[in-house]
Amino acid sequence: DADEIKSTLVLRDAEIEHLSHPIRKALAMEFVLKNTRISCDCRDIFPNVNAIDRPINTAITSRWQREVLGTIVAEAGRERAYFEKMGMAAIYPDYDHSLPVWEKIFELGFLGILENSERIRASRPRNQEENDFFEGIRLTYSAVLAFIDRLTELAERTRGSEMMAAALKNIRSNPPKTFYEALLVSYLYFIISEHIDVL
């Protein structure tokens, strides 16, 4: 369940604190996508994903945010706390909102985004921070592809969900070809980025 996933994320992250944030976050994503509950119902054209309470944010990145406010920009953190205490404003670093480049997502698909990132990664020498950034992308998108495989297998076993299974199978390795496949890509991107990860 969600609480168990969060508590396990905290324990796992403590074991890999020596790694960079992009890699730690990607490994957390991989764990959640492997372990979150999923279901499929022939009366619904979308699979159900049971990780809508932002487990990675709750277990890991919220701590990093507190570290930033408490040490790196401590004065800003104190001012923020004062404004909130006085009821003047609610201020926080906003990692909840992003604007995907949908044209690229629909043009490349999930596997294409991973392959494009790896091409860029291989195109020039990188320092450790840059390499960790690209490794985080590789780990995250590999986890997303494995998650789509999980969803596909479940849809294939669910009578009446053949259309969903076929669409999931296609978007796993290709850009979406139909309006329904584009909706599935949008749905999965939204669930993963907003409700599991919080970009």
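1. Phe-46 in this predicted model is partly exposed, with a relative accessible area of 21%. The cut-off for a buried residue is under 20%, so Phe-46, at 21%, counts as partly exposed. The residue is placed in the loop that runs between strand 1 (38-39) and strand 2 (48-49).

2. Tyr-180 is 134 residues away along the chain, and yet the C-alpha atoms of Phe-46 and Tyr-180 are separated by 9.7 Å. When neighbours within four places in sequence are set aside, Phe-46 is in contact with Met-164, Leu-183, Leu-184 and Tyr-187.

3. The chain as a whole may now be considered. Its secondary structure comes to 8 helices and 2 strands. Read along the sequence, these elements follow the pattern α-α-β-β-α-α-α-α-α-α. The C-alpha trace spans about 55 × 45 × 35 Å along its principal axes. Of the 199 residues, 41% count as buried. Among contacts between residues at least 6 apart in sequence, 67% join residues at least 24 apart.

4. The packing of helices deserves a separate comment. Two packed helices are described by the angle between their axes and the distance between the axes. For helix 2 (residues 21-35) and helix 6, the axes come within 8 Å and cross at roughly 5°. Angles under 35 degrees count as roughly parallel, and helix 2 is therefore roughly parallel to helix 6.

5. Which residues make the contact between helix 2 and helix 6? Helix 2 contributes Pro-22, Ile-23, Ala-26, Leu-27, Met-29, Glu-30, Leu-33, Lys-34 and Asn-35. Helix 6 contributes Asp-132, Phe-133, Glu-135, Gly-136, Leu-139, Thr-140, Ala-143, Val-144, Phe-147 and Arg-150. By type, the residues of this contact divide into 11 nonpolar, 3 polar and 5 charged.

6. Helix 6 (residues 128-157) also packs with helix 7 (residues 162-173), at an angle of about 160° and with the axes 8 Å apart. Angles over 145 degrees count as roughly antiparallel, and helix 6 is therefore roughly antiparallel to helix 7. The crossing of helix 6 with helix 7 is left-handed.

7. The structure holds 8 salt bridges. In one of them, the side chains of Asp-41 and Arg-43 meet with an N to O distance of 2.6 Å. Are the two partners buried, partly exposed or exposed? Asp-41 is partly exposed, with a relative accessible area of 28%, whereas Arg-43 counts as exposed at 74%.

8. A further salt bridge joins the side chains of Glu-118 and Arg-121, at 3.1 Å from N to O. Both residues belong to helix 5 (residues 102-122), and because they are 3 residues apart there, about one helical turn separates them. Glu-118 is partly exposed, with a relative accessible area of 26%, whereas Arg-121 counts as buried at 11%. The pair is part of a network of salt bridges that links Glu-118, Arg-121, Glu-135 and Arg-138. Glu-135 of this network is also among the residues that helix 6 brings to its contact with helix 2.

9. Glu-130 forms a salt bridge with Arg-124, and the closest N and O atoms of the pair are 3.4 Å apart. Glu-130 counts as partly exposed at 27% relative accessibility. Arg-124 is likewise partly exposed, with a relative accessible area of 42%.

10. The last point concerns Asp-13, which lies in helix 1 (residues 2-15). Is Asp-13 buried or exposed? Asp-13 has a relative accessible area of 2% and is buried. Not counting residues up to four places away in sequence, Asp-13 touches Arg-24, Ile-60 and Arg-63.

Definitions and conventions: Residues numbered from 1 in each chain as written. Predicted model: local features only at pLDDT ≥ 70, side-chain atom pairs only at ≥ 80, totals over all residues. Heavy atoms only, no water. Helix = DSSP H or I, 4+ residues; strand = E, 2+ residues; numbered from the N terminus. Buried < 20%, exposed > 50% of the residue type's maximum accessible area, 1.4 Å probe, protein only. Contact = heavy atoms within 4.5 Å. Axes fitted to C-alpha atoms, helices over the stretch in contact; angles between N-to-C directions. Parallel < 35°, antiparallel > 145°, perpendicular 65-115°, else oblique. Left-handed = near helix turned anticlockwise from the far one by under 90°. Salt bridge = Lys/Arg side-chain N within 4 Å of Asp/Glu carboxyl O. Nonpolar A, V, L, I, M, F, W, Y, C, P; charged D, E, K, R; others polar.
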